[in-house]
Amino acid sequence: MEQQDTWKLPDAFVMRMRQLLGSECDAFFASYEKERALGLRVNTMKVPAEVFARENQETFSLRPVSWCREGFYYEQESRPGRHPYHEAGVYYIQEPSAMAVVSLLDPKPGERVLDLCAAPGGKTTHIASRLNGKGLLVSNEIHPARAKILSQNVERMGIGNAIVTNEDSGSLADFFSEFFDCMVVDAPCSGEGMFRKDEQARNEWSEANVKLCAERQQEILDNAAEMLKPGGRMVYSTCTFAPEEDEDGMAAFLERHPEFSVVCLEPDEVPEGLSCGYPEWSRNHNPDLRNTFRIWPHKSEGEGHYLALLRKNGTWTAEDGRKRKQPKYWNDKAGRSYVEEFLKKSLTASDHDALEEGMDRLILFGDQLYQLPEGTPALDRLRVLRPGLHLGAFKTKRFEPAHALSHFLKPEQAVSVCRLEPEDPQVLDYLKGNTVKGEAGLSGWTLVCIGDYPLGWGKAVSGTVKNHYPKGLRIQG
Ligand SMILES: C[S@@+](CC[C@H](N)C(=O)[O-])C[C@H]1O[C@@H](n2cnc3c(N)ncnc32)[C@H](O)[C@@H]1O
């Protein structure tokens with residue numbers, strides 16, 4: 001295969017794929033000559049996917065992704081990453097194949113969900129959108145810098161019921177034994193499926209690294225298994241073609257864990273565009289592995305991916321639940337009066353129900369106030385970056401709302417709203433940190449919105465809104 005571009009696939013990878021795919025490999029390698037597909041996933045906590053698609057069809061030239069009801073392909077020149085809707089968390093830019101993972105898991109509102117290898121947050125933000133504010137999401141990432149990015153994405157998308165942790169899978173397993181209803185294990189892998197988009201994945205690839213990744217995945221999977229309740233679901237996924245990390249990885253895991261089995265979907269439940277797995281690429285030719293999935297770049301519009309939906313046998317009853325230590329909630333009388341004053345003055349009384357319901361689950365981190373999601377145990381020994389919804393901070397004798405709270409709220413929940421139309425140049429002014437002008441009646445803490453989507457806080461006096469968009473997020477220039 002000739003590559004017209006300046007980059008080249010690793011020779012040993014080419015040989016491996018030839019062996020695996022036989023006569024199909026020409027079509028496979030030809031896919032590297034094509035432009036990759038680009039995708040965005042609508043944040044359905046902000047807007048239903050079909051409404052967003054209808055209203056923004058022209059702006060982004062959207063086409064649906066067959067395996068994800070919130071997912072769309074967009075045209076490169078429409079640049080959704082630069083649109084202020086991105087800052088408002090209206091959508092998440094995501095490689096289309098990666099959207100299949102949470103579609104397959106199908107988390108339901110009210111469930112306890114774990115995203116074990118979560119940064120930068122593609123699956124986490126998708127799970128949160130499916131939970132729609134109900135239930136608990138624990139999003140974990142082992143690398144501190146990446147965990148920070150994950151936490152920022154949780155904030156941007158307005159997620160209130162996620163806890164972001166920075167742990168290795170072993171420590172998390174000690175803590176959350178048999179705790180979750182379902183989970184995603186989007187494992188660190190050799191990234192062969194990302195060669196078209198990721199130079200680093202191409203440069204770092206080696207057969208030795210495939211082996212290393214496969215070993216690490218087994219350790220992560222063992223820990224994940226411990227955290228799932230009997231009867232719970234797990235989706236294991238990678239963005240690599242290597243059987244050692246895919247079918248054979250699953251075969252090894254299933255041999256060690258007879259309490260797990262591969263879920264066999266009815267043919268009409270399998271989303272269009274997903275191909276079946278290859279039992280013959282595994283150590284024991286386990287026929288169930290045909291019910292795992294691959295996305296091939298020469299067959300579907302997306303990069304290479306592998307997915308397996310597993311179930312842990314048994315049923316979980318409340319009596320099986322371990323007694324878990326409850327959090328020590330914050331309830332300082334004086335501090336509480338500042339928070340209540342803010343709520344009374346700045347949010348509409350009837351509509352901040354979700355917030356109000358959680359007012360008995362407050363915790364204080366330094367001078368920062370958070371609302372823990374329902375069902376959260378004490379998090380004493382864990383490295384936690386974001387323990388739920390960040391409400392705000394205590395300053396001298398007052399309470400200042402957090403940026404996260406602005407993205408969590410809907411415009412109708414704020415007393416003072418400065419609503420800017422998408423084409424208004426003041427949107428950019430606001431994102432740069434400048435003062436904006438609203439209606440004369442605006443006063444106090446004001447939710448600055450682009451259309452129906454909050455961008456952040458401002459503080460208004462007679463319609464002049466002083467900027468409170470976080471300095472670290474401001475657009476330069
Ligand atoms: C494929 S990426 C995850 C992508 C993410 N799920 C998303 O959709 O945005 C795998 C992640 O696992 C992290 N990781 C590596 N080793 C880990 C471990 N032992 N436990 C948890 N996470 C780990 C990596 O730092 C990386 O961020």
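## A quick tour of this predicted model

P120 sits in the loop that links β5 (112–115) to α6 (122–131). Below, we go from another loop to the ligand, then to a pair of helices and finally to the domains.

**Another loop to look at**
- Now find K397, which lies in the loop between β17 (389–395) and β18 (398–401).
- K397 isn't a glycine, yet its phi is positive, near 55°.

**Around the ligand**
- Which residues come nearest to the ligand? They are C117, G122, I142, D186 and P188, out of 18 residues around the ligand.
- Sort that shell by class and you get nine nonpolar residues, five charged ones and four polar ones.

- The crossing of α10 past α11 is right-handed.
- Where do the two helices meet? On the α10 side, look for A214, Q217, Q218 and L221; on the α11 side, they meet G249, A252 and F253.
- By class, this contact of α10 with α11 has four nonpolar residues and three polar ones, with no charged residues.

**How the protein is divided**
- The protein splits into domain 1 (11–312), domain 2 (327–372 + 389–409) and domain 3 (414–477).
- Notice that domain 2 is written as two stretches, 327–372 and 389–409.

**Where domain 2 touches domain 3**
- How many residues of domain 2 are in contact with domain 3? Nine are, and they contact nine residues of domain 3.
- On the side of domain 2 that touches domain 3, α12 (333–346) and α14 (403–408) each supply at least two residues.
- Of the elements on that side, α14 gives the most, with three residues.
- That side of domain 2 is made up of five polar, three nonpolar and one charged residues.

How values were computed
Residues numbered from 1 in each chain as written. Predicted model: local features only at pLDDT ≥ 70, side-chain atom pairs only at ≥ 80, totals over all residues. Near = placed C-beta within 6 Å. Nonpolar A, V, L, I, M, F, W, Y, C, P; charged D, E, K, R; others polar. Domains from an automatic or database assignment. Contact = placed C-beta atoms within 7 Å. Helix = DSSP H or I, 4+ residues; strand = E, 2+ residues; numbered from the N terminus. Left-handed = near helix turned anticlockwise from the far one by under 90°.
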